[in-house]
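I opened this one to see how the chain is put together. My notes follow.

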Amino acid sequence: MNPIVVVHGGGAGPISKDRKERVHQGMVRAATVGYGILREGGSAVDAVEGAVVALEDDPEFNAGCGSVLNTNGEVEMDASIMDGKDLSAGAVSAVRCIANPIKLARLVMEKTPHCFLTDQGAAQFAAAMGVPEIPGEKLVTERNKKRLEKEKHEKGAQKTDCQKNLGTVGAVALDCKGNVAYATSTGGIVNKMVGRVGDSPCLGAGGYADNDIGAVSTTGHGESILKVNLARLTLFHIEQGKTVEEAADLSLGYMKSRVKGLGGLIMVSKAGDWVAKWTSTSMPWAAAKDGKLHFGIDPDDTTITDLP
């Protein structure tokens, strides 16, 4: 199998010109990290974890140190990871004070009999595993403080535009042994209630991986994604014989028509076909395969270059 990794930086509204280059660099960096792991014989799980760690460490994205703030001005993060070989999975929600929730999700998958830990239980497990705790304020950026103020100010108007709240990061990969995996991580929605959990840590919604079909990571309005089980729905269409493009269009179209939800997804099939699709205004993404790097942010805007 020719290895492949695809990453996304979240469905969103229009991205300002001054941020576009930084977002571009972050996407390329994450895809290059993931592909490098695959090229050296690493597993799909290693690749998606590595790519998502790179995005959690980048303050441009709504995960890790770029996470948006809840109504109390605090960071609460969600993440999940899944191995398509045996359907093993790990997830965490409402975690605080750690740099890389995706690493903790993988530890849940590999070191516990469970799939999902939350809040205090996740914190106790992280401490037991030696995951370093960092001060919560280290995850808070000035940009996200301003976003919270703006959101609270506008809340009275009850704007129907959810687009500003669609940030997540994710990765899917296919390794040389034919295994697929996904990883998804997020800080959630600006001004969310304390304890709110979206789709990102939920198997079948925020992502899914099965060697018999493929792997998906989703982004967008979490409540909408949960209601339609977006990741598993997309793979269902693949099982029905649809192409990756058709499957993505069908599931995103259903979410939009049924619950008026916007978002996006990345997917790789067991055959190595891949797609990045979205109904939000933009979705930064990058894919690496056969020594080539594909990248885009806006519809009909794809750049292809040679990988270093």
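I began with charge. I counted 34 positive and 38 negative side chains in the protein chain, and the centres of the two sets lie 4 Å apart. I keep in mind that this is a predicted model.

Next I looked up the overall fold. The secondary structure comes to eight helices and 13 strands. The C-alpha trace spans about 50 × 45 × 40 Å along its principal axes. I then checked the radius of gyration. For 308 residues a compact globule would come out near 19 Å, and the protein chain has 17 Å, which agrees.

I found an accessible surface of about 12700 Å², with 52% of it belonging to carbon and sulfur atoms. Of the 308 residues, 57% count as buried. I also looked at contacts between residues at least 6 apart in sequence: 64% of them join residues at least 24 apart.

Then I turned to strand β2, residues 77-83. Seven of its seven residues are buried, so the rest of the structure largely encloses β2. I checked both faces. M77, A79, I81 and D83 are buried on one side, and D78, S80 and M82 are buried on the other.

Which strands pair with β2? One is β3, residues 88-95, antiparallel over six bridges. There M82 stands opposite A89. Four residues lie between the strands of this hairpin, and L87 takes a positive phi near 65 degrees. β6, residues 180-186, also pairs with β2 in the antiparallel sense, over six bridges. In β6, I noted T186 as the bridge partner of D78.

Methods. Residues numbered from 1 in each chain as written. Predicted model: local features only at pLDDT ≥ 70, side-chain atom pairs only at ≥ 80, totals over all residues. Heavy atoms only, no water. Helix = DSSP H or I, 4+ residues; strand = E, 2+ residues; numbered from the N terminus. Rg over C-alpha atoms; globule rule 2.2 N^0.38 Å. Buried < 20%, exposed > 50% of the residue type's maximum accessible area, 1.4 Å probe, protein only. Contact = heavy atoms within 4.5 Å. Areas by Shrake-Rupley, 256 points an atom, 1.4 Å probe, with all protein chains shown as cover. Lys, Arg positive; Asp, Glu negative; His and termini not counted. Charge placed at Lys NZ, Arg CZ, Asp CG, Glu CD. Pairing = 2+ DSSP bridges.
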